[in-house]
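Hi everyone, thanks for making time this morning.

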Amino acid sequence: MRLFLISSLSLLFMFSCSEEVNNYPVGTDFIDNDINIVIVDTFSVKAFTFKIDSLVTSSTSRMLLGNLKDEYFGDLNAQTYFQVNNSNFSISSDAVYDSIGLVLNYDTYYYGDTLQPQTYKVHRVLEYFEPEEDVDFYNTSKLKYDEEALGEVTFTPRPNSATDSIYISLNTVIGEEIFNKIRDNEINNTDDFIRYFYGLTVIPDATTNSHVLGFNFKSYSDLNENSSMRIFYTEDNGDSSEDNDQVLDFFIPDASKQFNAISTNLDNTIISSLSGTEVNISSEDTDQLIFAQAGTGISARIEMPTIKDLKALSQESTSLNAELTFKPLKGSYDATKPLKESLVVYVVDSKNRIVSQLTDLDSNASYAVLNQDNSEFDENTYYSIDMSGFVELILNSEFDLDYAIMIQFEDYDTVVDTLIIDNRDEDNDNIKLSVTYLNY
Amino acid sequence: MNKIQTLLLLIAVIPSCFSQNDTSTPYSLFGLGVENKTATGGLTGLGNTGISQNNPGEINLINPASLGNIEQKTFLYEFGINGVYSTLETSNVSDNTYDFNMSHAVMAFPITKNVGMSFGLLPYTKVGYDIDIENPIEGSTDIYISRITGSGGLNKFYLSSGVQVFNKLSFGVDLAYLFGSINQETNLYYDSFVNITDVNYYHGFKLKTGVQYNLVKSDNKEITLGAILELPANLGGDQVSDSYKTSLGGTKVIMDDNVESDLEDFELPLTLGVGLTTKLNNNLTTSFDFTKLYWDNTNQVQNSESYNNQDIYAFGAEYLPSDKNKYWSFVKYRFGLNYNTGFLNISNQKIDSYFASIGLGLPLSNRSTLNLSYSYGREGSTSNSLVQENFHKITLNLSFIGSWFNQRKYD
């Protein structure tokens, strides 16, 4: 009997299961389903332009040089400062000085019309090469320099070749002075040199609308693909069959000893009030356009104040997806000013302080991604941003967050690209936020 | 073996068996699910009649008054399992499903002369459905599909007692505790994967009384009348909701974590039943039952469905051959019919059901019986885009008669 009981129990265990429940299309009509998904794209979007006070431009490893004049962005002038130094201070006493010059090596970055000629002037820096405070130089930083140029060059660039460079002859008197001090052992080491020669600045001509170019440099002596100040001399080593020409290479000793001063003059533009005290300029005051410019810190700000109203729709609800789309102003981009494939997006607070980089639900950085339409009419070129992380942040916060997003160029400390975002209602070109929302 | 230990083991084991049960009928979406309609002993073979039956060697859960008739110095226990093969069809699709379940584990024993007691555990309702719904997305031309899966069900633990007041009249009381959970899980995918799980816990007591009266009792003729009254009962409910979403990249975000809320009570209706069993001669016994459930008087919120009064008509006939020399002469042959109007009304269509059954009562020894039955039936209708279920059901009930008061010398 006991055996029977136990075996019948085990039998029950085995029996008490059924085949995997099939899925029937039947029953759809009578299920009470209070779950619905809504796509909401009627959010109020407010667009602004603001300017970041200053950007760190030292330690970028790129010299930016050039001048631009633009209807929307005014005048931009990129000037570069750098220290030069050497590790070798031995010149034999019978060496003979020849000349001095500055080599600037293209790194292939350019922005603007590179068919235009441009003039660079080189000046000697007249104060010790260090920032006013902290350790960084900013786009607004300045160092005193000698008004009198050591040399200048006027040229039409060939920026696509990284093996090409510009040569600027410098004042031969200063070259000879440096040469003699080293040869005569008045300068014996790097400290001696930088106390005597603070550095150089290169200033492009501010009267032309031409281009901004990027130049690279190495923090060691290298005569190939490097930007450096070079002294040329000859040394008779008693063997006439060998080349007697010598070069003393003054390179930039560290990326932190170089910075770009990028100044902008917004007079007579629609965003001229950015130079004043106004923090955010509404797109309503700027022809329904907002602006972003790398290098100068002009940034687009987009507020979506009604996202939090979703919470009022239903207690039990969640967002499944969110996307912000915007169109670059037609005609503001072309082959010489191409659109970037992606732009960086930051979450900023009401005072434009960066809270964090925008992320998606998986905590990956979320960028504005270009969807380019190559058709003739270019009707469908737009950027889209995965805003799911932002919507989640706003909806899940216990606080009433006044967060907005800021759009900038990814490498905004090393380029001067520009972006104009169209927020005009006509033709449905305005900035749109679309949220897929689940109520349950 | 100590029988108390056996009981404890059963009580411990059976709920875990029940939890594996599964049915596959969309109608289990409504109310508390689909009722366990398997009866004890040979009653399923008799069309689920039983209000006026009081076979001393069988446990009858339909009317507790029958316990007053239990044999002295015995101990009855019984297990039931069943298998259902059904075809679900709508006007344009059909699908087959099969399902095995345990139907009951019950015991009964006399306390004193003319007083019997019974207790046991059995599934009360079962829920099992899996429905895909296409939904439009507001503000878009897109659609999404959500899959809604129901599972779970309620169990019943009961304690009943019957007393034979005098030779012809018995009374019985049955107190049942209903408990369990009904789960509804919704899965959908649109940009993110979403899972919403609601677990609805219900529990409450239900009281049933019964009476049986022997109108005629002679050697070869018996007429018994029976009646049952089940009081309305409220089952209190609590809901625990969990939900989460998972992004494309696999990040899981909890939306609701064990959010508890009160559910509206589920009301079980007043139930009245009457029955008549007639033993026409030594060979043939027939039974008629009529049961009415007053759902109209319950007051609960429904959605697309409504609850209506439910009538159940049952007929059963049992034949026992008189020749006592062959094994097959000790076998009881049964036939039954049952019509149930159902309580659900969906799209102005009553979800009614009927079945016809045949059964055998096979004595395995003088201490145990195997009751087999086969029923064929139908529930619902394909009209009004509803579902019709045609089912074949086999039930297998094993009952034992033990000797409660005869102690063994060695254990």
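Let me begin with a question: of the contacts in chain A with a separation of 6 or more, what percentage comes from residues 24 or more positions apart? The answer is 81%. Please keep in mind as we go that this is a predicted model.

Let's stay with chain A for a while. It has 440 residues, and 40% of them count as buried. As for its secondary structure, there are five helices and 24 strands.

Now please find strand 18 of chain A, residues 342–348. Which strands does it pair with? Let's take the partners one by one. With strand 22, residues 404–408, strand 18 of chain A runs antiparallel, and five bridges join the two. With strand 19, residues 354–357, the pairing is again antiparallel, this time with three bridges. And with strand 20, residues 368–371, there are two bridges, also in the antiparallel sense.

Val347(A) has a bridge partner in strand 22 of chain A, namely Ile405(A). Val347(A) also has one in strand 19 of chain A, and that is Ser356(A). Over towards strand 20 of chain A, Leu343(A) stands opposite Ala368(A).

Strands 18 and 19 of chain A form a hairpin with five residues between the strands. Look for Asn352(A) there: this residue takes a positive phi near 65°.

Next, helix 5 of chain A, which covers residues 388–396. Which of its residues are buried? They are Ser388(A), Gly389(A), Phe390(A), Val391(A) and Ile394(A). And what covers them? The cover includes our friend strand 18 of chain A, along with strand 22. It also includes strand 17 (317–328), strand 21 (382–386) and strand 24 (432–439) of chain A.

Finally, let's hop over to chain B. Here I'd like to show you an open sheet of three strands, in the order 14-17-18, with antiparallel pairing. Which strands sit at the edges? Those are strand 14, residues 305–307, and strand 18, residues 349–350, of chain B, and each pairs on one side only. Strand 14 of chain B is joined to strand 17, residues 344–346, over three bridges. Within that pairing, Glu305(B) has Ile346(B) of strand 17 as its bridge partner.

Key:
Residues numbered from 1 in each chain as written. Chains lettered and ligands numbered in written order. Predicted model: local features only at pLDDT ≥ 70, side-chain atom pairs only at ≥ 80, totals over all residues. Pairing = 2+ DSSP bridges. Helix = DSSP H or I, 4+ residues; strand = E, 2+ residues; numbered from the N terminus. Buried ≥ 20, exposed ≤ 12 C-beta atoms within 10 Å, placed from the backbone. Contact = placed C-beta atoms within 7 Å.
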